[in-house]
Amino acid sequence: MTCGLAIFVKTPGYSPLKTRLAAITGAAFAEDWHRRAADCIAAVVRQCPSIEPYWAVAEDAARADGCWTGFEALSQGEGELGERMARVHERILETHRGGILIGADTPTISAELLDEAARWLDHDDPRLVIGRASDGGFWLFGANRPLPLPAWNAPRYGGTEVYQVLREAMADQGEWLELPTRDDLDRFEDLLPLIQQLAALPAPQPEQTSLLAWLCVHTFAQREGA
């Protein structure tokens with residue numbers, strides 16, 4: 001069976017996006033970034049035949065309106081982030097060997113890393129996989145078993161200790177695989193490291209190359225206007 005992977009997204013026009021970034025760059029830049037980064041992740045996932053991708057959409061109205069296409073759109077539902085992730089993860093496990101969750105703000109991922117995570121979860125024993133983000137969060141999380149809701153809700157999401165708290169809360173749920181640390185984009189200061197990482201990709205998808213060019217132009221313009 002394939003591994004399911006849900007890309008968590010919000011929708012421009014339905015929810016505020018990347019508010020810390022938008023406070024410096026403006027909402028239009030933040031919204032454009034979100035869609036372009038999500039397109040990068042979708043393009044990479046399409047290179048993984050053992051993974052079936054989904055959109056995990058924050059707003060039911062946007063899902064019903066068909067704002068996210070190409071993959072089946074799942075509802076995140078109501079509640080805090082931990083509850084919504086638990087719901088989507090259990091939904092994926094209804095039809096897949098493993099379930100992987102990923103945000104839309106780490107466009108430097110590769111098909112090799114996603115395939116590694118999927119292979120790890122394709123096992124009879126309980127297993128989990130996580131990719132740490134440099135800001136203390138995580139950019140990917142997955143498991144091949146449903147996990148207790150209190151463990152999902154343990155971290156204070158958005159804080160600097162999310163990775164550590166989640167690992168501790170789920171320490172006894174199975175064997176772990178650690179993927180390499182990646183940067184995500186939450187603040188204006190994150191733009192330059194992300195540009196460098198995109199430029200260093202050995203075999204980027206066209207969407208990643210396009211995002212790099214867009215970031216270079218618009219980041220320079222933002223700095224000139226500062």
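This is a predicted model: local features need pLDDT of at least 70, side-chain atom pairs count only at pLDDT 80 or more; totals for chains, interfaces and linings use all residues.
1. On overall form, the C-alpha trace spans about 55 × 35 × 35 Å along its principal axes. The radius of gyration is 17 Å, which agrees with the value near 17 Å for a compact globule of 226 residues. The secondary structure comes to 9 helices and 7 strands.

2. Buried residues make up 50% of the 226 residues. For contacts between residues at least 6 apart in sequence, 67% join residues at least 24 apart.

3. Now to the charges. There are 20 positive and 33 negative side chains in the protein, yet the centres of the two sets lie 1 Å apart. Side chains of opposite charge can pair when their charged atoms come close. How many salt bridges does the structure hold? The count is 7, and a few of them deserve a look in your viewer.

4. Start with Asp-105 and Lys-18, which form a salt bridge with their closest N and O atoms 2.7 Å apart. Asp-105 sits in the loop between strand 4 (99–103) and helix 5 (111–121), and Lys-18 in the loop between strand 1 (3–9) and helix 1 (19–25), so this pair ties together parts that are 87 residues apart in sequence. Are the two partners buried or exposed? Asp-105 counts as buried because its relative accessibility is 14%, under the 20% cut-off. Lys-18 is buried as well, with a relative accessible area of 18%.

5. Next comes Arg-97, in the loop between helix 4 (81–93) and strand 4. The side chains of Asp-122 and Arg-97 meet in a salt bridge at 2.8 Å, N to O. This pair links distant parts of the chain, 25 residues apart, with Asp-122 in the loop between helix 5 and strand 5 (127–133). Asp-124 also forms a salt bridge with Arg-97, the closest N and O atoms being 2.9 Å apart. Asp-124 lies in the loop between helix 5 and strand 5, so its pairing with Arg-97 ties together parts that are 27 residues apart in sequence.

6. Asp-124, at 57%, counts as exposed.

7. Helix 5 is worth a moment too. Of its 11 residues, 8 are buried, so the helix is largely enclosed by the rest of the structure. The buried residues of helix 5 include Leu-113, Leu-114, Trp-120 and Leu-121, and Asp-115 is also among them.

8. Finally, which residue in helix 4 might you inspect by hand? My pick is Arg-84, which lies in that helix. Arg-84 is buried yet has no salt bridge. The nearest side chain of opposite charge, Glu-80, is 5.9 Å away, whereas a salt bridge is counted within 4 Å. Leaving aside neighbours within four places in sequence, Arg-84 is in contact with Phe-8, Gln-76, Gly-77, Glu-78 and Gly-79.

Methods
Residues are numbered from 1 along each chain as its sequence is written. Side-chain values use heavy atoms; hydrogens and water are left out. Helices (H or I, at least four residues) and strands (E, at least two) are DSSP runs, numbered from the N terminus. The radius of gyration is taken over C-alpha atoms; the globule rule is 2.2 Å times the number of residues to the power 0.38. Buried means under 20% relative accessible area, exposed over 50%, partly exposed in between (1.4 Å probe, protein chains only). Contact means heavy atoms within 4.5 Å. Lys and Arg count as positive and Asp and Glu as negative; His and the chain ends are not counted. The place of a charge is taken as NZ of Lys, CZ of Arg, CG of Asp or CD of Glu.
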